[in-house]
Structure formats: C-alpha cells, structure tokens
Amino acid sequence: MVKTHVSTHELVAGRYRLLDVVHRETNRVSWYGEYVEDTGAARPCLVTRIGLPADQGEEKARQAADRVLGMSETMARLCPGRIAAVVDAVEEAGSLWTVTEWIDGLPLGQLMAQKGAFSPARTAAIGLQLLDVLEAAHGEGITHGELSPGQVFLRSQGPLVLTGFGLTGATLAPRVAAPSYASPEQARDERIGPAADLWALGAILYTMVEGRPPYRDRDRPESTLKGVDRLPLRAPLRAGPLTSTVQGLLRKDSRERLTRTVVRQSLTRVLDEDPHAGLPTPRLRRVCAAARHVGPQWSGRAMAAGTALAVVTVAFAALVVTHQLPDPDDTSAGGTQARPSASAPAPDEDAGDRGSPTPSPTPTTPPPPTAASPAAPARPSASASPDASPSATATALPQGFRVYRAPEGFSVALPAGWKRLETARGADHAYRVTFGASGDPRTLAVTYSESAGPDPVAVWRDDVEPNLRKDDGFRRIGAIRATTYLGYKAADMEWVVDVDGGQERTFGRGFLLGGHRSFSLRWTTPAEDWDTQADRQALDTFLKTFRPGSAA
C-alpha cells in the first residue's frame, strides 16, 4: 500500500518536487509536481506513486519501470494526443514512481467525486473517447489492465488523455491499484486480455451514471477483489439508456461481455438521442475558448493594490464542461455546505454487493472539495516547500468550516460565522470579495482580474508592492517566492503594515494559467496571532479548499 506520508523536503529521485495531490486511489497517489533542473528552474509535471509488493525485489522494480516507459512510447505513437507521455519511471523506497508530461486537465475520478453522477449522454460521449484508445491498443495486442477513473484526464479542449499503460504485468500483483475496477479474471489472478479493459470501461460507465463504482473498495485490496469476483452486480438505477450496455460489459464471464463494436453502436445511439449533451452551452463555450491559451500569456497591469494574479485554469474549464459551475447570476449558489446531487438518492453502501437494487432513503452528500480535489500546500514559509502529504487532505472540513460558493464562480471553505463583508468591482470584470466576521480582526480577500502580466513574481513586485508601500509601516517579509498552486504558475508574498497602534500581517498568493486572467488570495490577521493554531488552520484550509469553480 502507498504510505500515508511523503516528505516534500526531499526530492523524489533527486529531481521531482511534489506539490498538490490531484487524485488518490487504492495503492496510488498522483501529485502535481515540478521537475527541478540543475539551474534551479522548474517545469510542471504529473508524479504518481504506486506501492510495489514487498517481495518484488529491486530487479523486478527496474523491469517494471522500463516496461512503463516502453509501453508509453508505443501508445503515444498509436494514439498521438491521447496518451500522457511517461518521461521518467523510477523505483524508490519500495514504490514505483512514474512521471508524465504536464496534463492540462483533471482526472475523471476527481470530477466524479466533486459532481456526482453524470447524465447518460455525457457518459456515452466520454465512453466513446475511451473506446477509441482501447481499440487502438487492442489492435496491437496491448491490454491496459489498470483502467480506472484516476487514469482518465478530461481537458477543456481536445480529446481526453489516458495514463497507466504498461503497469499491468509490471509487478507480481494481479492489479496494481484501484482494485474496485479490476475484472473478475484479474481478481482470480488469471491471464487477462482486452476483455479485462472492457470490464473496466463498463465499471467506469457505471460509476459515472450511478455516482459510485459497482463494487466498493473494502478495507484490504484482497477483500475488494474477492467481492468483484464473487458478489452479484447491483442493478443500475440511473443508467437509463445505458443500462443494457453497462450490464453487458460487467458480465463475470469474459466470453459473454459485449464486443467493442456493439459497445460503440450502443454509446453512439445514446449520444445521437441527445447530441448536445456532451457540448457546453454558448456561454460555456466562451469560457472554454478563453482557456485555450495554456501557459503564461499575461500582459497589462493588475488592478491597483490588490489584483495580483488571475487565472482561468483548465480545471475551471473542465468543471464548466461537466456542468459543475453555477450560473454567475445565480445568487443562490453561495453559503452552503456541499450539496447532494439533484438526481435520485445514492444506493446503500453495501446494496450492490448484496445484489439489492433498493436505494437508501437518505441522499448521500458528496464530499467537500478537500476530499477529492488536489491538496493545497501547507502553511507557506520562505524556506519550506508546500506539504503534499496525503494526510494533509482530510476527508472532512475542520470543525465549524463550511464551503461557500460565490456567484462569481469560485468556492472556498470559511470558518463558522464568516460571510461576505465587502465586494468591490473594477473594469474588465475585475472584482475583489472580502470575507470575515463581526468582531474577528482576520479577513480573506479573493481578487479576480483579466489583466495580469506574464510573471507572477513581477506582478507582486512591480504592480502590487508599489501601492502597498503607501500604507503606514509597510514592510515586506522575505523574498517574493515563485511556486506552483493547483499545478499552475504562482507566487507568494508576505508583508506587515501598521494599523491602530498594532501590526497586521498578510500572506498573498496569486496564480494563473494564461488568458490574462488571475486569482489572488490574501489572508490578513493581527501579526501577534500569526502563529496561533487557529490562524494556521484557517490559512491551510483556505489554500486547500479554494477552487476557481464550484465543487457542487
């Protein structure tokens, strides 16, 4: 199993820094990371850690790394633009670490955890793209064998991207990770072929429409695999026109599963009945078009004394495409805890394993953003790297915090009693929302702009700091630090000012992904309270839970 803690003070293989957890499955954790070059420069990448069996041995581990690299190269030739190229694979501390090129999207597993069930037509559209890649692989005698929602990345533009080829057969285990998506023949540790991938495709389709996998993860992978092999399939309740396709793919006997041709016909028929379900509305298309400018393409000046960096992230666009963002004009979106899906109540946790189709009478509330979204860095300092420990992302918010969804299109968890104190709007859709509570001297300001420059450090230094120097007693603390936040280019700055005979200290983080758009977060608190547990917890929670798009 993957260990519960990974120190970010030491680089993986001496060259990869872990930043934000993007997704985790049983025995696998993926991080947004940086490749740290000898010059000190850093390039973004995706780093995945997979626990190897204890009896694997170093030689087998090296062979596994070579297999992953070779298979990635082969699949990249077969499906250009559909496969995330593996640039490095190493064995370290009993784990296999794979490093892929940067993927400008979000894992399907993360989106499902945030959104809940997808519509049958949207599920069919994603399923057809997956089928394209599988057909290309199967035509060359290649079986993925590790297909799961964590291996499927949805992008704002272009086809989905698939990872994980080469893992099957690279270890002695029947399934390296995500055992709830293993086929029955894998669960029995039998030889597998393309039919195993079709089972996994069926399990992914099932999860998208039902909101949970057909077989739940148990306390141990062996128990999960036993359930996959022996327990009956829970009848899908929300699959609608996809019901027969899902059930046909999830037949225990691999010889009885639907063929790729039949699956393609079935998915195409569902999509033809609702041809626009997989496409954004005109308003959403405009947002997605803005996200095409991937990378630092900023120009112009930031909004005076506060509009540090702005971003339309691919994560934002991916959430838009999957209809997870609220309408900016819908003021009912704010101030609530994570809401249950508008679809039917989720079935009982064990109902599928018993074969019962009876739903639970109580809707299941999706987890807050911290449960499935990339974990944010720990409290910043001038010397420490952000903490990417999986334990840093709790499955529940700290006591008293609740997720606030702003009608402007962002979400963040706030302490009990906090609300919007002030909203300031500027030109070109720029705005700043300040949060706080009566009698609480602390505040959080969220600023959005569409006129940020190309270098986040320069924006703080040249656009923001000159205005801050007008404040009494302004003093910057340390250097302005370049970093990565949610996988994107960012910078941090800290400073103090004199206020009413005392001092206030502020931490600011700004981040971007082109389009001249940016967000910045400013946490301000009395300087004397800076290191209190309550203040540390508040800042950590803001950074972990802030998302440019709603997690509802």
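The largest cavity in this predicted model has a volume of about 220 Å³, and a search of the whole structure finds two cavities of 30 Å³ or more. A cavity here is a set of points on a 1 Å grid over the protein atoms alone where a 1.4 Å probe fits but cannot get out, and lining residues have an atom within 4 Å of a point. The volume is the space filled by probe spheres set on the points, which are joined across faces, edges and corners. Among the 24 residues lining the largest cavity, Thr-48, Thr-98, Gln-151, Thr-163 and Gly-164 are the closest to its centre. Residues are numbered from 1 along each chain, local features need pLDDT of at least 70, and side-chain atom pairs count only at pLDDT 80 or more, while totals for chains, interfaces and linings use all residues. Side-chain values use heavy atoms, with hydrogens and water left out.

Pro-107 is buried, at a relative accessible area of 0% (buried means under 20%, with a 1.4 Å probe and protein chains only). Its C-alpha atom is separated by 4.2 Å from that of Phe-153, 46 residues apart along the chain.

Glu-494, found in strand E15 (residues 488–499), is also buried, with a relative accessible area of 4%. The Glu-494 side chain makes polar contacts with the side chains of Arg-481, at 3.1 Å, and Arg-505, at 2.8 Å. Such a contact is a pair of N or O atoms within 3.5 Å; within protein, one must be able to donate a hydrogen and the other to accept it, and residues adjacent in sequence count only if both atoms are side-chain atoms.

Definitions and conventions. On a 1 Å grid over the protein atoms alone, a cavity is a set of points where a 1.4 Å probe fits but cannot get out, and a pocket is an open set with protein on both sides within 12 Å along at least five of seven lines; lining residues have an atom within 4 Å of a point. Buried means under 20% relative accessible area, exposed over 50%, partly exposed in between (1.4 Å probe, protein chains only). Helices (H or I, at least four residues) and strands (E, at least two) are DSSP runs, numbered from the N terminus.
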